[in-house]
Amino acid sequence: MFCLRDYRLPDFEHLYRLDQQCFPPGIAYSRAELSSYVARKGSFTIVAEFVADETSSGEGSPAAAAKPPEAKPAIAGFITVEMHPKGYGHIITIDTRAEFRRQHLGSMLIEAAEKHVSDLGGFMTILEVAVNNAAAIAFYKRHRYVTVKTLPRYYNGELDALLLSRRL
Ligand SMILES: CC(C)(COP(=O)(O)OP(=O)(O)OC[C@H]1O[C@@H](n2cnc3c(N)ncnc32)[C@H](O)[C@@H]1OP(=O)(O)O)[C@@H](O)C(=O)NCCC(=O)NCCS
């Protein structure tokens with residue numbers, strides 16, 4: 001089961017490491033970049049935790065008795081969005097851990113972020129995605145994002161990006 005909550009400072013190192021796993025070198029954010037986006041005035045970050053479902057073992061059962069002491073919930077994903085004064089939310093990144101993909105976690109995160117942008121008075125979300133990131137492009141299309149334009153050599157002065165947007 002996934003639970004969403006607001007970002008807290010002790011999360012930072014986990015988010016940084018997850019971002020490093022999600023993107024190739026040069027595209028993943030450095031600590032300084034990620035920290036500046038997360039801490040920036042007007043930005044928000046939503047964190048997803050994986051909480052193990054305990055209903056199956058049953059209290060008092062041998063399985064429950066053998067369980068290790070309470071494990072801390074693991075960070076399964078996050079999304080960071082920067083609000084622009086003109087009324088749109090810029091999705092800086094959305095990352096889900098590889099073992100939790102295709103389980104609707106990314107959808108939970110983007111839907112929660114879009115709702116928050118809307119609650120803040122925003123009318124649109126935008127983002128950039130590398131042209132070779134087929135999984136993310138399929139994900140955004142599923143969430144009704146449309147291509148605004150191609151940004152030539154956006155990543156590392158080499159790789160093109162698509163600018164996508166969605167009216168809320
Ligand atoms: C993109 C990403 C956030 C999607 O997260 P996720 O938790 O797997 O997303 P969901 O399970 O909510 O997927 C929702 C839908 O998106 C589409 N989708 C997601 N991943 C897909 C893939 N690899 N191939 C095709 N379609 C995909 C599907 O329609 C999926 O619905 P379905 O599983 O019922 O078919 C995740 O793949 C990720 O973290 N990638 C690495 C980081 C990244 O590239 N982030 C985007 C930066 S621009």
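Me: Which residues are buried in helix H5?
Reply: Ala136, Ile137 and Tyr140 are buried in H5, which covers residues 134-142. Buried means under 20% relative accessible area, exposed over 50%, partly exposed in between (1.4 Å probe, protein chains only). Helices (H or I, at least four residues) and strands (E, at least two) are DSSP runs, numbered from the N terminus.

Me: Before we go on, where do these numbers come from?
Reply: This is a predicted model: local features need pLDDT of at least 70, side-chain atom pairs count only at pLDDT 80 or more, and totals for chains, interfaces and linings use all residues. Residues are numbered from 1 along each chain as its sequence is written, and side-chain values use heavy atoms, with hydrogens and water left out.

Me: OK, back to H5. Which residues are exposed on its other side?
Reply: Ala134, Ala135 and Arg142.

Me: And what covers the buried ones?
Reply: The cover includes strands E4 (88-96), E5 (124-130) and E7 (159-167), plus helix H4 (105-119). Contact here means heavy atoms within 4.5 Å.

Me: New topic: Ile94. Buried or exposed?
Reply: Ile94 is buried, with a relative accessible area of 15%. Ile94 is found in strand E4. Leaving out residues up to four places away in sequence, Ile94 touches residues including Phe78, Leu109 and Tyr140.

Me: Which residues touch the most other members of the largest nonpolar core?
Reply: Ile79, Val129 and Tyr140, out of 24 residues. A nonpolar core is a set of buried Ala, Val, Leu, Ile, Met, Phe, Trp, Tyr and Cys residues joined through side-chain atoms within 4.5 Å.

Me: Which element gives the largest share of this core?
Reply: H4, with 5 residues.
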